[in-house]
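Thanks, everyone. I have one structure to walk through today, and I will keep it brisk. Please look at the screen.

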Amino acid sequence: MAARYCLRFAKLLEKVLHRKPVWTQSNNASIAVPAQVVLMTALMDFEPSAKRLRVEIGAPTSPSSSLRGPSSCIQSKGDDALCRGRRPNGSEMDTRPKTGGGLRGVKTKGDRRRINPRPQQSFRNTLYRWLVKPPQDPGAPRVCQTPQDVEMAGNSGFHGTSARLLDGGNAEGVLLSADADERHPAGSPQRLDEDEPVSPPSEDDSAGGELTQTCENTPKCTQITHFFSGTTPPDAPVSRVGPEVSPEERDADEETTSAVVEPEVAWLGTPIEELKRRPECASVLPPLRDVPGRHTVMIRTDLLKRGRAPVPYPATFKDTWDDVHVKMPCSSSNLFPVLDEVTHGLQNKSRWELITETLNKTFSSQPQLKEAILNYSALKKWDFTALRLYCTKVLEPDAAEHLFDSLLPGVVQLALRASELCTKPIPLLKGGMDHSITMSQEQVACLLANAFFCTFPRRNSRRNEYCNYPDINFFRLFEGSSPMKIEKLKTLMCYFKSFTEQKPTGLVTFTRKSLDKPVNWKSSQTPLTRLHVTCEGTIEDDGCGMLQVDFANRFVGGGVIGSGLVQEEIRFLINPELIISRLFTEALDPNECLIITGAQQYSKYTGYSHTYQWGGSHQDTTPRDGWQRRCTEIVAIDALQFKNFLEQFNPDKLDRELNKAYCGFARPEEPSQNLASVATGNWGCGVFGGDARLKALLQMLAAAEAGRDVAYFTFGDIQLMADVHEMHSFLTERKICVGEVYDLLGEYHRSVCRSCLGRRPDVSLYSFIYRQVGSSPAPEDSAMGSARHHVTGDRL
């Protein structure tokens, strides 16, 4: 029926439309296409995207040759003949249009793209796009008009997926396959050893974005912002999508557009230069001192001077073996059964003596290193495949020789100084404690060296008193043949190399903080604070000096020494001093967070997840505060994981996420003028199932209640940037306070989510808020005109 209708419609067009061709330009060739053909091509774009998972255009093209698409063959300028494409056997070829995945930014019912749209609706929308208000598509072929054609063509451009196929300039070798991309993500290196088993995924991997599907001829992505599902690369042009409507007119029952994004806009809202950062906004720190029960300081504070190595305190090792302190490998209570050569029975021997004796031996190859670690370990079946591949297939012979002759002996000596450097017992940061630990970077390096050689006792299994603590010994890092493990080893070896060559002289503070009394969000009259939202940059670079959010696992660090490699794991790798928090931090409770101040960045990186690659050494120039800590403050807050999308809108879930974020952001003892802005992003989204727009709104509320501005990084998602900024502008211009927004969230759950019969609500959260706040249209976004194209410096 649809085909017959289109043929009848075409005959009517012949009587109405001019017969002059529309001239299009593709690369160096000009193509004459009758207007009827262009319109008919768009009208034939009916097929649901579910049936168009794979499109292949294999015929090579050139400017001088005829351009072949799936449905038509159009000859060069001067010949307006149009021949239908046929297979070699003479039968008509498949005329299915190229898959486009739908228009970016167009919301369908319930904020979902329809998998099987109704043909009548698709026809009506296509007809509207072509005859009523054709949008500007920067990726479409340019239309070269003559003065006689202006009246007929106007300023329209090709927009439909079938029309884009007329541009044959990029047709060669294009292959879109969901299955192929899932098997081989873009930029992922091949396995170094196909015969070795792959390390199973970690149970404690933290949340992160999913890899987007890419074409085979697409350049390799190198930024973290390129690897989030549904996002647009920062260098892609941004176009207006659909007719503009006021926020209140948005209804998920109809196909409507999202916030309009101006071309070449990389950020919206308050300029990031106006947001507060440390050390400029910070108050003067009080003198550093040890406070029993509140703050453990492991160095002599009276000898703390800039540029000088801190002196450990006390002067001699204080041995403690109990349930409230870290059980150190150098403790006299750390015993290990060994076979007695005389009695041929097992005798308990000091494990530290065995460790010292074993590691002091010279080992010049990976098998010798493996044998040394297993010599003082109860488990003899550890897999060292990743370490073997790193030493034998990744490193050049000269680099491998330097590793065993210079670098590893230096790391050994650093580890064996544990009783000299870490003299004070290290308290365990257990649940419910508000406690801080401050230690020198040298002490952190000593502990990390012991973690590398797997010397920490009773930490190789979770069937003991450390069952609620993350792993710390690196044995899981050495197993499997995954290329990600190789890149992790490169990153950590860069840290040890940098430290042994130039020992840093600063301090690092680890603070476990709990929220004793939840906030009464309903009664809050706090106004929203300023917002900078950008689709470019990263938290660690552009958020320098701000409170930087770690999208954490409740076991801090997630799968950093396992198989995880998303936002949290990457941050722990490039700032390896964060990893030592796993030694003494128990799993976070719902009302707790972990704050790490002073961690230094040692490495650069490219990619994300499977495409992560170590990018070389990094020179951290972040200034230090009065306690000789880098002014890098990172807060680890763990979001809830949702298997059911609607679950996250339950009031108890909203309260939990709000209180978790507020716990991380708030500093009641500090005046608000001394608080740096929050640098954050899509917290708890990706595999944790959180809705990015809800999470952005919750973090804005928590930051406002804590008295902080927000710098929000959408990691390449331009549409999310526009939507979050528009919502923030809408609320602030109407002076909607935190409590009122909280009421709107509750009303959304009661009136929309409870009655929802599907997996997602019929009305999106933002559409609901726009309608509920008032029927008057929201003022036009005045910040659009002032938004600059923010060009960042070198990004990770």
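Start with Gln628, in the loop between strand S21 (613–617) and strand S22 (633–638). Helices here are DSSP runs of H or I with at least four residues, strands are runs of E with at least two, and both are numbered from the N terminus. Phi of Gln628 is near 65°, a positive value in a residue other than glycine. Is Gln628 buried or exposed? Gln628 is buried, at a relative accessible area of 7%. Buried means under 20% relative accessible area, exposed means over 50%, and partly exposed lies in between, with a 1.4 Å probe and protein chains only.

Now the ground rules. This is a predicted model, where local features need pLDDT of at least 70, side-chain atom pairs count only at pLDDT 80 or more, and totals for chains, interfaces and linings use all residues. Residues are numbered from 1 along each chain as its sequence is written, and side-chain values use heavy atoms, leaving out hydrogens and water.

The overall picture next. The protein has 22 helices and 24 strands. Of its 796 residues, 55% are buried. Take contacts (heavy atoms within 4.5 Å). Among those with a separation of 6 or more, 77% are between residues 24 or more positions apart.

Back to backbone geometry. Cys454 also has a positive phi, about 60°, and is not a glycine. Cys454 sits in the loop between helix H12 (441–452) and helix H13 (483–501). Its relative accessible area is 0%, so Cys454 counts as buried. There are cis peptide bonds as well. One joins Arg278 and Pro279, with omega about 5°. Pro279 is in the loop between strand S11 (267–269) and strand S12 (295–297). Another joins Tyr313 and Pro314, with omega about 0°. Pro314 is in the loop between S12 and strand S13 (335–339).

On to salt bridges. The definition is a side-chain nitrogen of Lys or Arg within 4 Å of a carboxyl oxygen of Asp or Glu. How many are in the whole structure? The search finds 26. Take Arg530 and Asp709, whose closest N and O atoms are 2.9 Å apart. This pair links distant parts of the chain, 179 residues apart. Arg530 is in the loop between strand S16 (507–514) and strand S17 (531–534). Asp709 is in the loop between helix H18 (692–706) and S24. Arg530 is partly exposed at 33% relative accessibility, whereas Asp709 is buried at 9%.

Next, Lys695 and Glu657, which meet at 3.2 Å, N to O. Lys695 is in helix H18 and Glu657 in helix H17 (residues 651–665), 38 residues apart. Lys695 is buried, at 1% relative accessibility. Glu657 is buried too, also at 1%. Then there is a network: salt bridges that share partners join Arg278, Asp625, Arg629, Glu633 and Arg667. Arg278 is the residue from the cis bond to Pro279.

Asp717 and Cys535 are 182 residues apart in sequence, but 5.7 Å apart in space, C-alpha to C-alpha. Asp717 lies in the loop between strand S24 (710–713) and helix H19 (718–733). Asp717 counts as buried, at 12% relative accessibility.

Last, helix H8 (residues 366–375). Which of its residues are buried? They are Gln366, Leu369, Ala372, Ile373 and Leu374. These pack against helix H7 (351–359), helix H9 (385–394), H10 and H12. That is my tour.
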